[in-house]
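Subject: Structure handover and notes

Dear colleague,

I am passing on the structure that we spoke about, and my notes on it follow below. Please open it beside this message and read the two together.

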Amino acid sequence: MSTFEIKMPKLGESITEGTIISWSVKTGDVIKENDILFEVNTAKVSAEIPSPVSGKVLEILFKEGDTVAIGTIVAVIDLGGENKNENQSESTTTETKNNHPEEKPEEAHHLQKNIADKWYSPVVLQKAQEANVSKEELDNINGTGFAGRVSKKDIELYIEQKKKGVAKQISGIDTKTISNEKTVIKESISDDKLQLQTSEEDTIIQMDIVRRTIADRMVQSKKTSAHVTTIMEVDVTRLVHWREQHKEEFQRREGISLTFMPAITEAVSKTLIDFPRVNSSVDGYSIIQKKHINIGIAVSLDDGNLIVPVIKNTDKLSFSGIALSIEKLAKKARQNKLTLDDIQGGTFSITNYGSFKNIIATPIINQPEVAILGVGYIHKTPSVIETPEGDVIAIRHKIYLSLSFDHRIIDGALGGMFLKRIADYLENWNQ
């Protein structure tokens, strides 16, 4: 079998590695020379990497999000028995400029060396040349690629519009220009992707794999679930006093600090028993009501990321068991020692933004769950209290709880009753 090794190209001086943003092909695909294989991002540039050969994708060695050293083999192409030059090795480590994938981006870079901060992939330059697109035109195309660079899609659209007498001048907006001797009429049509304006003073920070996963899942959740958020103020004075009375004893007995999260988690667990529809997932037009109650607790990590370890069978645990589970999982999360089992199987999530003294937020549902509880900061406030002798004003401890739920299967009445039941458990706290 005659094969060709695709290596991570060097896209500039001092560049030692690149991150694969996306693959345009998959194993088994038949490709032609100059077909885009993948998009790579480095500290300086982002580029679509074309194939220097035709053949079949035999193997892809790295996945999207992987950061790979320059010169490392990232894919292998089956040339289909095509004849090779006698000086080529079986793995086709060609050193000629026309066939070496590392040389082509460098050629494109040198072609653009007189254009400040401009870089075009070989395929973009080739298509521009074939369509007689001048450098001036190319420079004025506002691309949709990383940092506004022109992608293959951008140049193809520009060429197509140019043939029709239409010019794309604003990235993210298709501008149809109808000209006569006196007037120019522009009709703007919104696109899905708007162009970000950047300057040399801006700092571009690449998301790590955890942040990318969070970003993708949050966007997916908003697109999947019909989010509704309901908010309730809860009087937790009794709970605050109870904690104050028992925290030292709890510390001695269990060896951990007594926080409010075990009480909130227990209240949620009891409420999920009362309203099992909230302990569900959605599959098309089917409601999957879960047998087990597994509550995820969002943990903020030192690197700025977030992870949601899961307490399995929360309803079977004692109050101390819940507290110890929260402590154990949070510690494992911050030490980067969570296992796959620790973060899978959740049926409901809690996020405690109150730890940062925030009082209200509208959390995003953790798919494939259908609801998430947001916990605000406990604060003192003067309140009107009804007594047998009449209304009085007293200092009370209050907290705002926000419940985001999936309106596909949870209506406002159920969402409201669910949140009210959590509030009842907390306001009448008794251990």
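In which helix do Arg253 and Glu249 both lie, and how many residues apart are they? Both lie in helix α6 (residues 237–254), 4 residues apart, which is about one turn of the helix. Helices (H or I, at least four residues) and strands (E, at least two) are DSSP runs that are numbered from the N terminus.

Before going further, please keep in mind that this is a predicted model, in which local features need pLDDT of at least 70 and side-chain atom pairs count only at pLDDT 80 or more, while totals for chains, interfaces and linings use all residues. Residues are numbered from 1 along each chain as its sequence is written, and side-chain values use heavy atoms, with hydrogens and water left out.

The overall picture

The secondary structure of the protein comes to 9 helices and 21 strands. Of its 431 residues, 40% are buried, where buried means under 20% relative accessible area, exposed means over 50%, and partly exposed lies in between (1.4 Å probe, protein chains only). The accessible surface comes to about 24300 Å², and 49% of that surface belongs to carbon and sulfur atoms; these areas come from the Shrake-Rupley method with a 1.4 Å probe, and for residues only the protein chains shown count as cover. Among the contacts with a separation of 6 or more, 60% are between residues 24 or more positions apart, a contact being heavy atoms within 4.5 Å.

The protein averages a pLDDT of 82, and 80% of the residues score at least 70, pLDDT being the predictor's confidence in each residue, from 0 to 100. Over residues 81–104 the pLDDT is below 50, although this stretch has 43 contacts in the model beyond near neighbours in sequence. Over residues 106–117 the pLDDT is again below 50, and that stretch has 15 such contacts.

Salt bridges

Side chains of opposite charge can pair when their charged atoms come close. A salt bridge here is a side-chain nitrogen of Lys or Arg within 4 Å of a carboxyl oxygen of Asp or Glu, and by this rule the count comes to 16. Arg253 and Glu249 form one of them, with their closest N and O atoms 3.3 Å apart. Arg253 is partly exposed, with a relative accessible area of 47%, and Glu249 is also partly exposed, at 39%.

Asp342 and Lys332 form a salt bridge at 2.7 Å, N to O. Asp342 lies in the loop between α8 (319–334) and β18 (348–351) while Lys332 lies in helix α8, so the pair ties together parts that are 10 residues apart in sequence. Both Asp342 and Lys332 are buried.

Lys420 and Asp424 also meet in a salt bridge, at 2.7 Å, N to O. They are 4 residues apart in helix α9 (residues 412–427), a separation of about one helical turn. Lys420 is partly exposed at 39% relative accessibility, and Asp424 is partly exposed at 23%. Elsewhere, salt bridges that share partners join Glu249, Arg253 and Glu254 into one network.

The cores and Val278

A nonpolar core is a set of buried Ala, Val, Leu, Ile, Met, Phe, Trp, Tyr and Cys residues joined through side-chain atoms within 4.5 Å. The largest one has 46 residues, and those with the most contacts inside it include Val268, Val278 and Phe348. Elements that give two or more residues to this core include α6, α7, α8 and α9. Apart from it lies another core, of 20 residues, among them Trp23, Phe38, Val40 and Val68.

Is Val278 buried or exposed? At 2% relative accessibility, Val278 counts as buried, and its place is in the loop between α7 (261–274) and β12 (280–283). Leaving aside neighbours within four places in sequence, the contacts of Val278 include Leu272, Phe348, Ile410 and Phe418. The C-alpha atoms of Val278 and Ile372 are separated by 9.6 Å, and these residues are 94 residues apart along the chain.

A sheet

Strands of a sheet pair through backbone hydrogen bonds, either parallel or antiparallel. Two strands pair if DSSP finds at least two bridges between them. Here 4 strands form an open sheet in the order β1-β8-β6-β3, with antiparallel pairing. The edge strands, β1 (3–7) and β3 (30–31), each pair on one side only. Strand β6 (residues 55–60) is joined to strand β8 (residues 73–78) by 4 bridges, and Val57 stands opposite Ile77 in β8.

With best wishes
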